[in-house]
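Hello,

Here is the structure you will be working with. Please open it next to this email and follow along from one element to the next.

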Amino acid sequence: MTANEVNASEKQSFDLVITNVHIATMDNAIDSQYGTILNAALGILNGKIAWCGSAADFPEFDSLQTPVINAKGKWITPSLIDCHTHIVCAGNRANEFEMRLNGASYQEIAAQGGGIISTVKATREADHEGLFVTAKDRLNALLNEGVTTVEIKSGYGLDLENEIKMLEVAEQLNQHHPIDVQKTFLGAHALPPEYKDDADSYIALVCDEMMPKVAELKLADAVDAFCEGVGFSNEQTRRVFDAAKKYDLSVKLHAEQLSNLKGAELVAEYNGLSADHIEFLDESGVVAMAKANTVAVLLPGAFYFLRETQLPPIDLLRKHKVAMAIATDFNPGTSPICSVQLMLNMACTLFRLTPAESLAGVTVNAAKALGLTDRGVIRVGLNADFALWDIDSPAQLSYQYGVNPLKGLWKDGQQLK
């Protein structure tokens, strides 16, 4: 073996090295804010983060054989995660938006065939291809903002055939789009017209027919429900969770959005991944979530679009150290907003989160809300899912909206943008 061969064997191997960069790792072990490493370097190997730290300590590597990016003082963060969406759906409800602004009540709109039932009708009428195309456009918008993982819920089919159709489209997107899609079965979203005034029978359909088929086809990573006066009761939700447990599916819940039905305590009882919306959450619910390590998913887009006034109990969540995630809640009725970057700003301006809390909400805590432990943080051994931003500090991501600072995006070590 020659001297050059010996020296080469001692060098560390990477598929990509990024130098002259600052990194917001979002790792609490480094600091309680952004997990900042200034003047850093990053090494990628086999789709994983192989090295992360001060550039001064970066190991020797073969710079002639390894692609190297000089980031010129830009910032790296984990790529973003949208952990609560209803992206697979058909139609829009702009006409209802206009009707509300002209004084029509929810009841008047519903009487004319509006509300969630109008989306159910449009989604039932749509085929796989139509749903795929519109959902792909929405995923593209999120990808352009630095998102590489998205949760997609069903819930606009409300019968076996169409709930399966929605989840099949979500899986097709997972297979054919760069974004990683996590699928959630939300059969217990609302009452379909054919079960009007018979919620118990519909819940039986969800638990006894829909969920077994969803589980058999392996179309869902988790199960959700809408526990609310206009949705389903605590006891009906419990039946859904019991069925999910039978099929070894994680649970999460639309909880305490319009009133307090103790849904957060229920999902915590089942060690659920998250309680979402939670504007009317009280301290007993927060305590239960803290004990179960259940994430609070805040949805400022729906709060904004509905012009709500009841704020989520942010101080209580901080007091009891409940992880807070943020998501778009994209849906045609109450949050037709497909922008995680806008959610960062809204979380700060509407909910008074700090920029560090906001960024954690779409990285490390969003991953936790989906039960994912392989992303959301820049740490050796985790997936090389990261974004490169032309910013002066991570706070700028929450501060400014409308001028996209994204300069590069990687998923599993592969550059997407």
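**What turned up**

Start with strand β1 (residues 16-24) and strand β2 (residues 36-45): they run antiparallel and are joined by 6 bridges. Find Val21, then look across to β2, where Ala40 stands opposite. Keep in mind that this is a predicted model.

Now stay with β2. Another 6 bridges join β2 to strand β3 (residues 48-54), and this pair is antiparallel too. Here Leu42 has Cys52 in β3 as its bridge partner. β2 and β3 make a hairpin, with 2 residues between the strands. Look at Asn46 in that turn: its phi is positive, at about 55 degrees.

**Two domains**

How is the chain divided in the domain assignment? It gives domain 1 (16-78 + 377-415) and domain 2 (80-370). Note that domain 1 is written as two stretches of the chain. The domain centres, taken over C-alpha atoms, are 31 Å apart. Where the domains touch, 20 residues of domain 1 are in contact with 23 residues of domain 2.

Next, go to strand β11 (residues 253-255). It pairs with strand β12 (residues 274-277) in the parallel sense, over 3 bridges. Leu253 stands opposite Ala275 in β12. To get from β11 to β12, the chain passes through helix α9 (residues 263-269). This β-α-β crossover is right-handed.

Asp276 stands opposite Val297 in β13. Helix α10 (residues 283-292) belongs to this step: β12, α10 and β13 make a right-handed β-α-β unit.

**The largest pocket**

Now for the empty space. Rolling a probe the size of a water molecule over the atoms shows where such space is left.

The largest pocket has a volume of about 1000 Å³. It is lined by 33 residues, and the closest to its centre are Tyr106, Gly115, Ile116, Phe226 and Val230. Three helices each supply at least two lining residues: α2 (94-101), α3 (106-111) and α4 (116-125). Which element gives the most to this lining? That is α3, with 3 residues. By type, the lining divides into 15 nonpolar, 11 polar and 7 charged residues.

**The second largest pocket**

The second largest pocket holds about 730 Å³ of space. Of its 29 lining residues, Asn28, Ala323, Ala360, Val364 and Asn365 are the closest to its centre. Helices α12 (314-319), α14 (355-361) and α15 (364-369) each supply at least two residues of the lining. The most come from α15, which gives 4 residues. The lining divides into 13 nonpolar, 9 polar and 7 charged residues.

Check the turn at Asn46, between β2 and β3. Then follow the chain from β11 through α9 to β12.

Best wishes

Technical notes
Residues are numbered from 1 along each chain as its sequence is written. This is a predicted model: local features need pLDDT of at least 70, side-chain atom pairs count only at pLDDT 80 or more; totals for chains, interfaces and linings use all residues. Side-chain values use heavy atoms; hydrogens and water are left out. Two strands pair if DSSP finds at least two bridges between them. A crossover is right-handed if, with the strands pointing away from the viewer, the path from the first strand over the helix to the second runs clockwise. On a 1 Å grid over the protein atoms alone, a cavity is a set of points where a 1.4 Å probe fits but cannot get out, and a pocket is an open set with protein on both sides within 12 Å along at least five of seven lines; lining residues have an atom within 4 Å of a point. Grid points are joined across faces, edges and corners, and a volume is the space filled by probe spheres set on the points. Ala, Val, Leu, Ile, Met, Phe, Trp, Tyr, Cys and Pro count as nonpolar, Asp, Glu, Lys and Arg as charged, and the others, Gly among them, as polar. Domain bounds come from an automatic or database domain assignment. Contact means heavy atoms within 4.5 Å.
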